[in-house]
Amino acid sequence: MALTKLNFTGQGVLPSASMPTGSVLQTITSPFNSIKAVDSTSYIAMGHSLQITPSSTSSKILLRVSGGYPWNGNQLNIQKSYTIYRNSTDLASQSAGLERFYANTYFAHPHSMEIYDTTHNTTSQITYSVYGKGNTTAVGYYSAGTSGTSGDVATILFTAMEIKG
């Protein structure tokens, strides 16, 4: 791998213009540890969001949602889908969203969804939010406690990284 000379001026802050393409310019995180039910067949807000202000219109925003404990509420044949919205725009290109859980018994793994937003085209603040829906109105959970609707809630971490374009 080739080394990149950054031309650091010693001013205490490395200018983003000196950073090579692909560099992480900023990272924003938003933890979520509340019990949240999903009981709609249309996408509804999960109450989990973050804001980032891109430094350039050509940068990419890498979005990642990970961790937590989604739960099916002991419902059989339940399916829940999750996606990320940029302001009012769904970033998924399909109705299934960016992540889908299906179980006959219970959901057995944490959240793990990721997408690059390459079309934000702004240097104004952007709000990204997690939305969820189900195949029926049977209650499932974006996040649940150790005893389902009670107990300690495992944290879901929502991360946005601005990547220099």
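A: E114 is partly exposed, with a relative accessible area of 46%. Here buried means under 20% relative accessible area, exposed means over 50%, and partly exposed lies in between (1.4 Å probe, protein chains only). The model is predicted, so local features need pLDDT of at least 70 and side-chain atom pairs count only at pLDDT 80 or more, while totals for chains, interfaces and linings use all residues. Residues are numbered from 1 along each chain as its sequence is written, and side-chain values use heavy atoms, without hydrogens and water.

E114 belongs to strand 8, residues 111-117. Strands are DSSP runs of E with at least two residues, helices are runs of H or I with at least four, and both are numbered from the N terminus. In a regular strand the side chains alternate between the two faces of the sheet.

Now the neighbour. Strand 8 pairs with strand 4 (residues 60-67) in the antiparallel sense, over seven bridges. Two strands count as paired if DSSP finds at least two bridges between them. Across this pairing, Y116 stands opposite L62.

Next, the charged side chains. The structure holds two salt bridges. The term means a side-chain nitrogen of Lys or Arg within 4 Å of a carboxyl oxygen of Asp or Glu. One joins E114 to R64, with the closest N and O atoms 2.5 Å apart. R64 sits in strand 4 and E114 in strand 8, so this pair links distant parts of the chain, 50 residues apart. R64 is partly exposed too, at a relative accessible area of 34%.

D117 forms a salt bridge with R86, and there the closest N and O atoms are 2.7 Å apart. R86 lies in strand 5 (residues 78-86) and D117 in strand 8, so the pair ties together parts that are 31 residues apart in sequence. Both partners are buried: R86 has a relative accessible area of 13%, and D117 has 1%.

Finally, the setting. The chain has zero helices and 11 strands. Of its 165 residues, 42% are buried. Among contacts (heavy atoms within 4.5 Å) between residues at least 6 apart in sequence, 81% join residues at least 24 apart.
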